[in-house]
Amino acid sequence: MTRDKEQSMDDQSPAVVRKGIDVTPNKDGGVCKVVKKWGEDGDRPMIGDKVTVHYTGKLLNGKKFDSSMDRKKAFTFSLGKGQVIKGLDIGVSSMQRGERCILLCKPEYAYGPAGCPPKIPPNAMLQFEVELLSFKGELLTDDGGITRRIKVKGEGYNNPNDGSTVHVHLEGYCGERLFDSRDVHFVVGESEDMGVPLGVDRAMEKMQKGECCMLYLKPKYGFGKEGRAQYKIGPNSDLVYEVTLINFEKAKESWELGLKEKLDFSAGAKQKGTQYFKAGCYLQAVVQYQRIVSWLEMEFVGKEQQQTVQNFLLVAQLNMAMCYLRLKEYALVVENCNKVLELDEKNEKALYRRGEARLFRNEFNLAMSDFKLVLQVNPSNRAARSQVSICQRKIREHHEMDKKTYANMFQKFAEHDVKTGKGKRRGGDCGVMNQNHPVGIKRQRCSQDHGQDRP
């Protein structure tokens, strides 16, 4: 790339900037780049990455129309998603972390014939000085367990949905070691059957045909704390997969299914969920039970079929609660049990599992209330009676701990007061007291009587 360390952007003319490198994919000269400061060696941003930059935009006459530097706040956007003009998307994708460059963008890569009144006239060629501060992949889950970086953008806007049959090529890495490389077909939501980790499965619904991406998986979305002996993957290992979506066939959406199909599919999902649960694949089991809820939750049917639908929903949400108990996601246990209790307020399993979750969260009084409700429904439930005793003991222990904590706290305060002399009475303090306050008057009189502590 061309260097030009001597001149600032204010001195740049289109002729100088044109000496830069054409960074457009089709080499039409739409975006030319001159490097002002070389960045760090290593990766460049990929499509979908969150990039953070400082920039200053000017017209060719030198008039500034926008600057993050003036705002004293860096600008962050998702690369290649149309959140900025095309020229910036292309230019930033060619940069390295720490690099600073000048980009000259033709109108078709800027604001085109419409311009952006009042600051940018029609058919304006723009120049930007850009510094790439940082970039990171796109998080596909709230917990940061799956990060995607797109190497090759896919076709169109159509994505696989849950239940789609996908054909992918994948390469799996643990550290620098390639442990899996193959073409494979699987059903989205059931990738475990083909030895493909959950993180790859969950990413499918974000991909497009022809897309090639890197997926960075935390253990929860890889092979978990058990690892995978087949691939010599140890417990709690981070994984990286390069995945290409070759083709896919979408499943019917929920609104396209009749009630009979939904009930048949729900029976299959229940069976598959039980299979995953027994194998210790709790998140995969949750996916199956969530399918049942998505198919039937908003289904309005006659009285004859209402009980069947309700039974499926109760089973799905109770089983999700059990999965989340095993995963130690106690807030989600309570949430799913609450949904069961909306349908059946005396459901013994829902009350018991909610009590367990609350006990694990140290919500002892709430947990004890749940276990007592279980005993109202079924007085012979020994487990619930035992849990009530545990809650009572925990509450006593908690109260004792509070007493010790507060006793120690007050003792330390008292010791501190003695050390700093705050516990001693000084006649000189009378001058600070309000003369109208009885205590202040008493201390004054005391000083006068004894003739001490006078100025």
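Which residue in β11 is the bridge partner of Val166? The partner is Phe186. The model is predicted, so local features need pLDDT of at least 70 and side-chain atom pairs count only at pLDDT 80 or more, while totals for chains, interfaces and linings use all residues. Residues are numbered from 1 along each chain as its sequence is written, and side-chain values use heavy atoms, without hydrogens and water.

Strand β10 (residues 165–174) and β11 pair in the antiparallel sense over 10 bridges. Two strands count as paired if DSSP finds at least two bridges between them. Helices (H or I, at least four residues) and strands (E, at least two) are DSSP runs, numbered from the N terminus. An open sheet holds six strands in the order β8-β9-β12-β13-β10-β11, with antiparallel pairing. β8 (138–139) and β11 (177–187) stand at its edges, each with a single partner strand, so one side of each has no neighbour in the sheet.

A hairpin is formed by β3 and β4, with four residues between them. In its turn, Gly62 has a positive phi of about 90 degrees. The two strands pair in the antiparallel sense over three bridges. Gly57 stands opposite Asp66 in β4.

Helix α3 (residues 86–93) is mostly covered, with six of its eight residues buried (under 20% relative accessible area; exposed is over 50%, partly exposed in between; 1.4 Å probe, protein chains only). The buried residues are Gly87, Leu88, Asp89, Ile90, Gly91 and Val92. Their cover includes β2 (31–37), β3 (50–59), β5 (75–78), β6 (100–105) and β7 (126–136).

The whole structure has 29 salt bridges. Each is a side-chain nitrogen of Lys or Arg within 4 Å of a carboxyl oxygen of Asp or Glu. Asp238 forms one with Lys218, and the closest N and O atoms are 3.9 Å apart. Asp238 is partly exposed, with a relative accessible area of 42%. Lys218 is also partly exposed, at 42%. Glu261 and Lys252 meet in another salt bridge (3.3 Å, N to O). Glu261 is partly exposed, with a relative accessible area of 29%.

Glu299 forms a salt bridge with Lys262, the closest N and O atoms being 2.6 Å apart. Glu299 lies in the loop between α6 and α7 (303–326) and Lys262 in helix α5 (residues 259–278), so the pair ties together parts 37 residues apart in sequence. Both Glu299 and Lys262 are buried. Salt bridges that share partners also join Asp162, Glu190, Asp201, Arg202, Glu205 and Arg291 into one network.

Note on methods
Contact = heavy atoms within 4.5 Å.
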